[in-house]
Amino acid sequence: MNRKSLFLGLCLWCMSFVAMGQHRADRQQLTDEQSFSMILLGDPQGYIKYDINQPLFDLCTAWIADNIDQLHIKAVLCTGDLVEQNENIVRNRKMLNQTSREMWQAVSRSFERLDGKVPYIISTGNHEYGYRASENGKTHFPEYFPFERNRAWYDCVVSDFPNREGVASLENAAFAFEDPHWGKLLVITSEFAPRDEVLAWAKDLAAKPEYAEAKVIFMTHSFLYQRTAERTANEKYKISPANYGVDIWEKLVEPSKNIRLVICGHTGVPGDFEDSVAFRSDKNSAGKTVHQMMFNVQVLGGGWEGNGGDGWLRILEFMPDGKTLKVRTYSPLFGISSATKHLAHRTGACDQFNMVFE
């Protein structure tokens, strides 16, 4: 065999190896080729607070990056609590082994996989503020997630509102998308326990003529309690002023005719999967159904000090009828291996369901 033939043979062998490797992560399919999707990530703090868990969140964002075209992913949504503590150098080895800076750096690296590829939208959580747990409004979020880091934001961010320190930040921001079947979609995200002026900004934005007919998704960290799906209220954090679920519903969601979905994280306790999720639907002042979904899997995979969530995420498939949203719960951690692939999908009533936007 001459050198040219040998070289070609090696190239073909390498190409076949790469082709086989592309299927290792158990790529998922849309139920309809004309659909698009958004991927929902729950609170990642449990992955980030231990260095041994951090690769699991890397796997989640790597899987998303690998499926952008496959699932027609328009955006990635994250319910917040990116880190366990915003600004702390003392490591409590009973609950973490990373300093705050190490945690911020780790979660930033995970999302870096998506930079320039897809917009990701984060609702900052209580752990992103103060020192350990929202003692004040100080946060390092704008330092690690400046607008310029991800060019995929450039064409979809349409509005922002200053954070608690008066800094322009994606803590309060709006992202606009269009689809031939769904028309305009507007995703608005807010800081933890948003101030009145943040809720007023979001309300005014949703009511603007250019978005009056849009379907609006509002994201915030604290809105529903797990399992019971009651709205949060009067949480005992020092951060002030603050609005929680009951106030957010009354001041923003109920009076806004086009907010059709609220997504949150925050609550959850070790136990069954149902203790990490919640869902309810109510009518707004215009008589339209508002779906409300809580997803926070940080205690799955071993409790508060476990692996951070077993890789569970949600695939939100927007069907081409322009009104049906299919929810699927999937784990690339289980899906990546043929030995555990049969465990990669949850199919219970709280894991796989449809929402209809009237």
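**Figure 1. His 266 in the loop between β8 (259-264) and β9 (277-283).** His 266 lies in the loop that connects β8 (259-264) with β9 (277-283); helices (H or I, at least four residues) and strands (E, at least two) are DSSP runs numbered from the N terminus. The model is predicted: local features need pLDDT of at least 70, side-chain atom pairs count only at pLDDT 80 or more, and totals for chains, interfaces and linings use all residues. Residues are numbered from 1 along each chain as its sequence is written, and side-chain values use heavy atoms, with hydrogens and water left out. Phi of His 266 is positive, near 80°, in a residue other than glycine. Most residues other than glycine have a negative phi, and most peptide bonds are trans. His 266 counts as buried because its relative accessible area is 12% (buried means under 20%, exposed over 50%, partly exposed in between; 1.4 Å probe, protein chains only).

Figure 2. With 65% relative accessibility, Asn 234 is exposed. Pro 241 lies in the loop between β7 and α7, and a cis peptide bond with omega of about -5° joins Ser 240 to Pro 241.

**Figure 3. Thr 220 and its contacts.** Thr 220 is placed in the loop between β7 (215-219) and α7 (245-253). Thr 220 counts as buried because its relative accessibility is 0%. The side chains of Thr 220 and Ser 190 are joined by a polar contact of 2.8 Å (a pair of N or O atoms within 3.5 Å; within protein, one must be able to donate a hydrogen and the other to accept it, and residues adjacent in sequence count only if both atoms are side-chain atoms). Not counting residues up to four places away in sequence, Thr 220 touches Ser 123, Ser 190, Glu 191, Pro 194, Ile 248, Ile 263, Cys 264 and Gly 265, where contact means heavy atoms within 4.5 Å.

**Figure 4. His 181 in the loop between β5 (173-179) and β6 (183-189).** The loop between β5 (173-179) and β6 (183-189) holds His 181, which is partly exposed at a relative accessible area of 32%. Leaving aside neighbours within four places in sequence, His 181 is in contact with Gln 34, Pro 320 and Gly 322. A polar atom of the His 181 side chain lies 3.3 Å from the backbone oxygen of Pro 320. The C-alpha atoms of His 181 and Gly 271 are separated by 39 Å, and the two residues are 90 residues apart along the chain.

**Figure 5. Leu 300 in the loop between β10 (289-295) and β11 (313-318).** Leu 300 is found in the loop between β10 (289-295) and β11 (313-318). Its relative accessibility is 11%, so Leu 300 counts as buried. Leu 300 touches residues including Phe 273, Ser 276, Asp 310 and Trp 312, not counting residues up to four places away in sequence. The C-alpha atoms of Leu 300 and Phe 36 are separated by 28 Å.

Figure 6. A search of the whole structure finds 0 disulfides (a disulfide is a pair of cysteine sulfur atoms within 2.5 Å). Cys 156 is in no disulfide, and the nearest cysteine sulfur, that of Cys 78, is 16 Å away. Cys 156 counts as buried at 5% relative accessibility. Cys 350 is in no disulfide either; the nearest cysteine sulfur, that of Cys 264, is 14 Å away.
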